[in-house]
Amino acid sequence: MARETNRYFKFDWITIILFLLLVGFGYLNILSASHSGLDINYFDTSEPFGKQLIFIFLTFGLIIFILALDAKFYERFSSIIYIASMLSLVGLFLFGKNVNGATSWYAIGGMTLQPSEFAKAATALAVAKYISDLNTDINHLKDQLRTFIIIIIPALLVLLQNDTGSTVVYGAFFFVLYREGLPKIYLTIGVLVVLLSILALKFGAITTTITATLALLLFRFWGKIKLSILQNIFLIIMSTALSFGVQFFYKSVLKPHQQDRISLWLRLEKDPQKLEEMKRTFAYNLNESEKAISSGGFSGKGFMEGTRTTGKFVPEQHTDYIFSTVGEEWGFLGSALVVILFVLLLIRILHLAELQKSQFSRVYGYSVAAIIFMHFMINIGMVMGLIPTIGIPLPMFSYGGSGLWAFTILLFIFIKLDSNRINEW
């Protein structure tokens, strides 16, 4: 009887502890970033920190529910979960609430729910289910296309809601497919497309085309690439088309504010007056965030002592820009601690994923790690000005019930699947 009872508590506690540390440290920074006085009522639901505390309490109930279900439930009903999630995204076009230009929320009483956050876990389950099917071979084009469709459907629905940040996250599944045997040519093409696109914007389409042609000829001369003359000509034509296509897309398709963000990121703008204007307008958040982080120095100004944090200099500092609060009040040491916690969590998930006995659990585990990594990389990179500004939360850290619950579901489903491996005897 004791053995039967204990098997239900054999979860990976290292992963759970890392999750709790991130949630707890995140709450402290939300509290600091959103409080408005010395007398703090921690349960004041009119303040973000009060709402977040309630979200955290409810999260424990959600964890118990996820872990109580049989592990086979998630594999058996993954398709139904995926379809229900897609319907919730479609429903936003009829019943969604527009917030900051994005129709991504359902208004439920005094609360809002963002289904795009939950769609990532649903897509991870669907991808894991399809790839682990006995009739699926990721090396076959037919199965590759079907897998891509599973991923593209939610990505397009989210993009149509004007939520670019959540759309970009679906690129994380590329790493999962690559782990499961997706041909290396996709990785090569992906890297080259990104590199050529950046070069075309930075140095111009003609310069990029000439550079790509010379590089191809050099590789051919050194014997690194064994292609026929026609294949080389085809690659040169495609490189030229991509370079000019990126230029056209940037100048004629993207909106002015999107152009400005890319321009600031790649340092395309040289006019000092224009740069100062950018910092006062659309780049104000980034500019203030960088100032807050740099002002923290090595050890920070102390909890609730950050002048820029308490002065609300950084808009959205308790949500997408929460890392700026960490940088100012906890300094380099606190920032490094947050990064280390995320890296440890990612390493642990990948380690557990490799230990899984079923392909479904392994693919899902890699999906969890990839999604968290994309959020982590984009959010911190955005706050520090390393990548273009994209509205995306820091997992388990930023304010928001939908984000916290979605990442809880995403992670603890995998913890439950892993416990099924541990408890097999």
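Visitor: Where does T408 sit in this predicted model?
Guide: The model is predicted, and T408 lies in helix α19, which covers residues 401-422.

Visitor: Why is T408 called buried?
Guide: Buried means under 20% relative accessible area. T408 has 0% relative accessibility, so T408 counts as buried.

Visitor: What makes the pair of L404 and T408 a polar contact?
Guide: The cut-off for such a pair of N or O atoms is 3.5 Å. A polar atom of the T408 side chain lies 2.7 Å from the backbone oxygen of L404, and therefore within that cut-off.

Visitor: Which residues is T408 in contact with, leaving aside neighbours within four places in sequence?
Guide: They are F19, T59, L62, I63, I66 and I413.

Visitor: How do you know that strands β1 and β2 pair?
Guide: Pairing needs at least two bridges. Strand β1 (residues 97-99) and strand β2 (residues 102-108) have three bridges, in the antiparallel sense. As one detail, K97 stands opposite W105 in β2.

Visitor: What joins β2 to β3?
Guide: Three bridges do, and the two strands run antiparallel. Strand β3 covers residues 111-113, and T112 in β3 is the bridge partner of A107. The hairpin of β2 and β3 has two residues between the strands, and G109 takes a positive phi near 65° there.

Visitor: How many aromatic pairs are there?
Guide: The count is 13.

Visitor: Why is the pair of F73 and F77 called tilted?
Guide: Planes under 30 degrees apart count as stacked and those over 60 as edge-to-face, while the rest are tilted. The planes of F73 and F77 are at 35°, with ring centres 4.9 Å apart, so this pair is tilted.

Visitor: What makes F73 and F77 partly exposed?
Guide: Partly exposed lies between the 20% limit for buried and the 50% limit for exposed. F73 has a relative accessible area of 28% and F77 has 32% relative accessibility, so both count as partly exposed.

Visitor: Why is the pair of F148 and Y186 called edge-to-face?
Guide: Their planes are at 70°, so the pair is edge-to-face, the cut-off being over 60 degrees. The ring centres are 5.9 Å apart.

Visitor: Which parts does the pair of F148 and Y186 tie together?
Guide: F148 lies in helix α7 (residues 141-160) and Y186 in helix α10 (residues 184-203), so the pair ties together parts that are 38 residues apart in sequence.

Visitor: Which residues form one aromatic cluster?
Guide: F25, F303, W330 and F397 do.

Methods: Residues are numbered from 1 along each chain as its sequence is written. This is a predicted model: local features need pLDDT of at least 70, side-chain atom pairs count only at pLDDT 80 or more; totals for chains, interfaces and linings use all residues. Side-chain values use heavy atoms; hydrogens and water are left out. Helices (H or I, at least four residues) and strands (E, at least two) are DSSP runs, numbered from the N terminus. Buried means under 20% relative accessible area, exposed over 50%, partly exposed in between (1.4 Å probe, protein chains only). A polar contact is a pair of N or O atoms within 3.5 Å; within protein, one must be able to donate a hydrogen and the other to accept it, and residues adjacent in sequence count only if both atoms are side-chain atoms. Contact means heavy atoms within 4.5 Å. Rings of Phe, Tyr and Trp (its six-membered ring) pair if their centres lie within 6.5 Å; planes under 30 degrees apart count as stacked, over 60 as edge-to-face and the rest as tilted.
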